[in-house]
Amino acid sequence: HETDQMGVIHHAVYVKWMEEARVAFLDALGFGYVEIEREGVVSPVVGISIDYRRPTMFSNEVEIDVWINKYSTRMLEVGYTIRNLSKGTLAAEGVSKHCYLKDGAVVSLRSALPKLDALLSEYMNSEKNRAD
């Protein structure tokens with residue numbers, strides 16, 4: 001189900017890879033998605049885009065770089081680069097946008113999850129300082 005008849009990874013699989021990479025990124029940041037949901041907050045995708053560069057085959061090994069493009073207390077935009085390590089090529093680049101909901105309403109992380117807000121703000125500040 002992950003490939004077409006020629007063994008090329010189906011385009012929808014990249015969305016799953018991006019989701020898995022985002023969850024791993026949050027874990028590495030110190031506030032995983034399980035912890036977010038335990039606090040009654042969910043983070044649905046409100047937008048996603050992928051630019052496919054080169055095909056990836058079933059047997060290829062990929063690497064996904066993840067970073068935060070933009071963060072406000074109500075919205076998170078995550079960037080992704082998917083590289084085909086087996087071929088040494090750029091496979092895809094993408095962006096996902098997420099909001100935060102609690103009890104069905106958009107919430108500010110500053111009030112709903114202050115620890116996560118602090119981690120994301122610190123990440124953004126450290127990235128900005130590296131770019132300057």
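# Salt bridges, sheets and a surface patch

The count of salt bridges comes to six, a salt bridge being a side-chain nitrogen of Lys or Arg within 4 Å of a carboxyl oxygen of Asp or Glu. Bear in mind that this is a predicted model, where local features need pLDDT of at least 70, side-chain atom pairs count only at pLDDT 80 or more, and totals for chains, interfaces and linings use all residues. Residues are numbered from 1 along each chain as its sequence is written, and side-chain values use heavy atoms, with hydrogens and water left out.

**Salt bridges**

- Let's start in helix 1, where Arg-22 and Glu-19 both sit, three residues apart, or about one turn of the helix. Helices here are DSSP runs of H or I with at least four residues, strands are runs of E with at least two, and both are numbered from the N terminus.
- Arg-22 and Glu-19 form a salt bridge, with their closest N and O atoms 3.0 Å apart.
- Arg-22 counts as buried because its relative accessibility is 2%, while Glu-19, at 31%, counts as partly exposed. The cut-offs are simple: buried is under 20% relative accessible area, exposed is over 50%, and partly exposed is in between (1.4 Å probe, protein chains only).
- Asp-65 and Arg-83 make another salt bridge, with the closest N and O atoms 2.3 Å apart. This pair ties together distant parts of the chain: Asp-65 is in strand 3 and Arg-83 in strand 4 (residues 75-84), 18 residues apart.
- Asp-65 has a relative accessible area of 30%, so it is partly exposed; Arg-83, with 33%, is partly exposed too.
- Asp-117 and Arg-110 also meet through their side chains in a salt bridge (3.9 Å, N to O). Asp-117 is buried at 9% relative accessibility, whereas Arg-110 is exposed at 56%.
- Asp-51, Arg-53 and Glu-93 are joined in a network of salt bridges.

**Aromatic pairs**

- Searching the whole structure turns up three aromatic pairs. To pair, rings of Phe, Tyr and Trp (its six-membered ring) need centres within 6.5 Å; planes under 30 degrees apart are called stacked, over 60 edge-to-face, and the rest tilted.
- One of the pairs is Tyr-14 with Tyr-52, which is edge-to-face, at 5.2 Å centre to centre and 80° between the planes. Tyr-14 belongs to helix 1 (residues 11-29) and Tyr-52 to strand 2, so the pair links distant parts of the chain, 38 residues apart.
- Tyr-14 is buried, with 3% relative accessibility, but Tyr-52 is partly exposed, with a relative accessible area of 40%.

- Four strands make an open sheet in the order 2-5-4-3, with antiparallel pairing. Two strands pair if DSSP finds at least two bridges between them.
- Strand 2 and strand 3 (62-72) are at the edges, and each has a single partner strand, so one side of each lacks a neighbour in the sheet.
- Strand 2 pairs with strand 5 (residues 89-99) in the antiparallel sense over seven bridges. Within strand 5, Gly-94 stands opposite Ile-50.

- Strand 1 and strand 6 (residues 101-102) run antiparallel and are joined by two bridges. Val-41 faces Lys-102 of strand 6.
- Asp-103 is in the loop between strand 6 and strand 7. Its phi is near 55°, a positive value in a residue other than glycine, and at 77% relative accessibility Asp-103 counts as exposed.

**The nonpolar patch**

- Val-15, Val-45 and Ile-48 make a nonpolar surface patch of about 220 Å². Patch residues have over 30% relative accessible area and no salt bridge; like charges are joined within 9 Å, and nonpolar side chains (Val, Leu, Ile, Met, Phe, Trp, Tyr) within 5 Å. Accessible areas come from the Shrake-Rupley method with a 1.4 Å probe, and for residues only the protein chains shown count as cover.
- Val-45 lies in strand 2 (residues 45-52) and is partly exposed at 44% relative accessibility.
- Ile-48 is in strand 2 as well, and is partly exposed with a relative accessible area of 43%.
- Ile-48 and Val-15 are 33 residues apart in sequence, yet 8.3 Å apart in space, C-alpha to C-alpha.
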